[in-house]
Amino acid sequence: MATGTGTAEIDFGAFPGSNEASEVVAAVGVTPATHVEAWVMGDDTTTDHTAADHKYFPVFAGLTTEAGTDQFTVHARSTQKMQGAWAFHYVWAD
């Protein structure tokens, strides 16, 4: 059984930002049938956002995933225009 975990960033861009963003993560062993989960932790930080910002990310945006061959994509969508890069965690398993 192949598995993996890690962190990455998803970027909504500079002002005025965007309602949607995607990040492709390279992950050898991932197949289109692989289960992938992604989430934002309240104690994460990036150069654009503090831990306090990350704590409220789930109120404004949601994450979904799409597995491919040796990679997966994390999609973020918000009803509000978001700005800058946000850290997220992921786990995948066959």
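Analyst: Contact here means heavy atoms within 4.5 Å. The model under discussion is predicted.

User: Leaving aside its neighbours within four places in sequence, with which residues is Phe72 in contact?

Analyst: Neighbours of Phe72 within four places in sequence are set aside for this list. What remains as contacts of Phe72 is Glu23, Val24, Val25, Ala27, Val30, Val36, Glu66, Ala67, Tyr90 and Trp92.

User: Which residues have the most contacts inside the largest nonpolar core, and which elements give two or more residues to this core?

Analyst: The largest nonpolar core has 20 residues, and those with the most contacts inside it are Ile10, Phe12, Phe57, Phe72, Phe88, Tyr90 and Trp92. Two or more residues of this core come from each of the strands E1 (3–11), E2 (18–26), E3 (35–39), E5 (71–82) and E6 (85–93).

User: Is the pair of rings of Phe72 and Tyr90 stacked, tilted or edge-to-face?

Analyst: The count of aromatic pairs comes to three. For Phe72 and Tyr90, the ring centres are 5.0 Å apart and the planes stand at 65°. Planes over 60 degrees apart count as edge-to-face, so the pair of Phe72 and Tyr90 is edge-to-face.

User: How many residues apart are Phe72 and Tyr90?

Analyst: Phe72 lies in strand E5 and Tyr90 in strand E6. The pair thus links distant parts of the chain, and the separation is 18 residues.

User: Which residues form one aromatic cluster with Phe72?

Analyst: Phe88 and Tyr90 form a tilted aromatic pair, with 6.4 Å from centre to centre and 50° between the planes. Phe88 is buried, with a relative accessible area of 0%, and Tyr90 is buried at 11%. The residues that form one aromatic cluster with Phe72 are Phe88 and Tyr90.

User: Is Thr73 buried or exposed?

Analyst: Thr73 is placed in strand E5. Beyond four places in sequence, its contacts are Ser22, Glu23, Val24, Thr64, Thr65 and Glu66. Buried means under 20% relative accessible area; because the relative accessibility of Thr73 is 12%, this residue counts as buried.

Key. Residues are numbered from 1 along each chain as its sequence is written. This is a predicted model: local features need pLDDT of at least 70, side-chain atom pairs count only at pLDDT 80 or more; totals for chains, interfaces and linings use all residues. Side-chain values use heavy atoms; hydrogens and water are left out. A nonpolar core is a set of buried Ala, Val, Leu, Ile, Met, Phe, Trp, Tyr and Cys residues joined through side-chain atoms within 4.5 Å. Buried means under 20% relative accessible area, exposed over 50%, partly exposed in between (1.4 Å probe, protein chains only). Helices (H or I, at least four residues) and strands (E, at least two) are DSSP runs, numbered from the N terminus. Rings of Phe, Tyr and Trp (its six-membered ring) pair if their centres lie within 6.5 Å; planes under 30 degrees apart count as stacked, over 60 as edge-to-face and the rest as tilted.
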